[in-house]
Amino acid sequence: MLSGYVVTVLITIGIYVILALSLNIITGYAGQISLGHAAFMGIGAYTSALLYTKAGWGFWPAFLAAGAMAALVGAILAIPCLRVREDFLAITTMGINFVVEAVFLYIPFFGAGMGIGGINAPTLFGRELEKTGFLTLVVLVILATIAADRWLMRSWTGLAWSAIREDEHAAGAMGIDVVRFKVLAFMLGSAGAGFAGSLYAHFLTFIMPVNFNFGQSMVILSMVVFGGIGTLRGPIIGAIVLGALPEISRPAMEYRTFLYGILLLLLMRFQPDGILGERSLVVRGWRALRPNRVVGIR
Amino acid sequence: MLWQQIANGIATGAVYALTTLGLTMVYGVLRVLHVAHAGIYTLGAFVGLFTYRATGSFWIGLLAAMVVCAIVGVLIERFLYAPLLHLPRIVPLIGSIGLFIAMEEGFRIVAGPYALAYDAEVQFGNLALGPLRLSAPQTVILVVTLVLLGLLWLLLSRSRIGLAMRATAMDAETTSTFGISTRAVVTLNFIIGSALAGASGVLIGVYDNQVWPTMGSIPAYKCLAIVVLGGLGNIPGSVLASFVIGLAETLLIGVVAIPFPRDALAFVAMILVLMFRPHGLLGRG
């Protein structure tokens with residue numbers, strides 16, 4: 001069996017995979033830069049934690065409510081985001097992250113600086129889930145996210161998002177309801193973050209505003225970009241590699257954040273498409289080895 | 001008490017103005033969100049402090065900080081941003097964030113994690129304008145800022161170089177057809193912007209009497225909010241927004257005592273303004 005330590009690391013990485021996949025919907029597929037994804041993770045985590053500890057809900061309804069609440073807030077906050085483009089959008093989403101964190105930090109209802117404790121692990125048929133059980137749950141949520149991702153990208157929604165990402169005005173001129181699809185992207189991406197946040201809260205059993213700050217958003221975004229934005233494999237691999245990095249680089253404790261910064265910098269400079277993006281060395285090399293195969297879109 | 005807070009607000013606004021000017025100038029010519037600008041600001045504070053310790057002169061420290069920061073700014077432009085300009089905006093943004101993380105950690109590794117005292121003696125009098133009293137450090141901040149802003153204004157509005165800079169910010173392609181080296185203009189923007197950031201690092205270091213590796217973390221993002229508030233790339237707009245935010249923060253927290261974190265206020269103001277003016281206070285669509 002896997003040791004407790006390994007399972008803990010795997011669960012953390014798994015939660016990051018969900019977060020990266022959900023951010024990829026907003027930023028990768030629909031092309032809307034979001035620098036505030038951790039805010040929606042936080043909204044999910046706090047919804048779940050408050051319903052569980054204060055309202056006495058069970059894990060499962062609280063988990064669903066976390067996704068729904070994050071989706072709702074995501075849709076509402078998408079409205080100010082629709083007014084602004086590109087760099088203004090990036091800074092607006094960043095601002096949303098700072099404001100949401102400030103709300104958690106300063107309003108006593110949300111536990112303020114003390115956070116919320118006493119959140120237990122989920123139960124199934126009256127028994128509390130063990131670590132490995134929790135890992136299975138995380139993997140199931142990842143599989144569901146991947147299935148939803150594939151289904152959406154094969155539908156008109158995926159095509160509409162691609163069109164908006166490439167040229168918003170042209171997409172609008174072709175009769176695509178740009179507002180509707182942008183709000184949909186923010187809603188679905190935020191829902192994913194909300195589910196991940198709920199899992200995170202019940203896994204850590206204790207949450208604080210700092211878990212959902214702008215730095216966390218940057219961690220999630222760098223996973224998406226590291227692997228290859230706008231692909232399915234990219235965010236998954238990015239979350240696994242960058243999620244495992246703190247554990248692997250434990251011997252270089254003193255320098256690991258420094259190395260992380262340098263890694264991001266060098267990757268953007270020399271492999272701006274991420275390690276598994278369409279124009280990355282790995283993917284081009286792979287294609288060169290198999291010249292006669294027609295490779296799918298993603 | 002109220003006048004004291006106003007004096008604090010003006011000093012804070014002046015430092016914001018110096019820091020955000022560089023950001024807005026870089027954005028004006030490159031359309032890059034230069035997060036690592038705050039790393040340059042921290043670098044300036046450290047260079048200023050170490051030069052001050054070696055020479056005993058605040059002014060030599062200030063000058064050294066501006067020179068070193070200008071050089072580092074140009075290097076960042078050459079080796080990081082220039083090759084990435086044709087790629088999606090998110091690529092230079094993430095690269096810049098990576099560089100900022102590495103710079104902060106680099107300062108920590110070199111100078112240690114603790115705050116270092118910056119007790120430079122600044123021979124400068126207090127300033128009293130009616131009921132408004134500025135302490136010696138506040139006076140230095142205000143005087144240095146106004147002098148630098150004045151020089152920048154002269155350069156931009158009264159010289160041929162300034163004309164080339166404004167033209168490049170407006171439309172780089174057309175400008176280059178007039179025989180103007182837009183490369184040189186971009187470099188000049190980085191020199192000026194980074195030197196100003198270095199100066200503001202030194203000033204804030206002296207004002208707070210401390211310099212520490214992560215002193216740029218909050219300015220890194222707050223200054224982006226201020227720049228957006230003023231209208232990205234708009235120089236008078238970002239100066240106006242700096243003073244508005246500096247005063248609003250100090251007065252709302254210090255006088256009205258609203259229970260809200262000081263550093264989130266700039267973002268609330270920014271989001272509210274963007275609702276009604278999606279291109280910022282003085283931005284044009």
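Author: Helices (H or I, at least four residues) and strands (E, at least two) are DSSP runs, numbered from the N terminus. This is a predicted model, in which local features need pLDDT of at least 70 and side-chain atom pairs count only at pLDDT 80 or more, while totals for chains, interfaces and linings use all residues. Residues are numbered from 1 along each chain as its sequence is written, and chains are lettered from A and ligands numbered from 1 in the order in which they are written.

On these terms, chain B contains 11 helices and 4 strands. Its radius of gyration (taken over C-alpha atoms) is 18 Å, close to the 19 Å that the globule rule gives for 285 residues, so chain B is as compact as a globular protein of that length. The globule rule is 2.2 Å times the number of residues to the power 0.38. Along its principal axes, the C-alpha trace of chain B spans about 55 × 45 × 35 Å. Of the 285 residues in chain B, 55% are buried, that is, each has 20 or more other C-beta atoms, placed from the backbone, within 10 Å of its own.

We now turn to one pair of helices. Two packed helices are described by the angle between their axes and the distance between the axes. Helix H1 (residues 2–30) of chain B packs against helix H8 (residues 182–208) of chain B at an angle of about 160 degrees, and their axes are 9 Å apart. The axes are lines fitted to C-alpha atoms over the stretch in contact, and angles run from 0 to 180 degrees between N-to-C directions. H1(B) is therefore roughly antiparallel to H8(B), a term for angles over 145 degrees. The contact of H1(B) with H8(B) has 18 nonpolar, 6 polar and no charged residues. Here Ala, Val, Leu, Ile, Met, Phe, Trp, Tyr, Cys and Pro count as nonpolar, Asp, Glu, Lys and Arg as charged, and the others, Gly among them, as polar.

Chain B also meets its partner: 35 residues of chain B are in contact with 31 residues of chain A, where contact requires C-beta atoms, placed from the backbone, to lie within 7 Å. Helices H4 (90–111), H9 (217–230) and H11 (262–276) of chain B each supply at least two residues to this side. H4(B) gives the most, with 13 residues. By class, the side of chain B that touches chain A has 30 nonpolar, 3 polar and 2 charged residues.

Conventions
Buried ≥ 20, exposed ≤ 12 C-beta atoms within 10 Å, placed from the backbone. Contact = placed C-beta atoms within 7 Å. Parallel < 35°, antiparallel > 145°, perpendicular 65-115°, else oblique.
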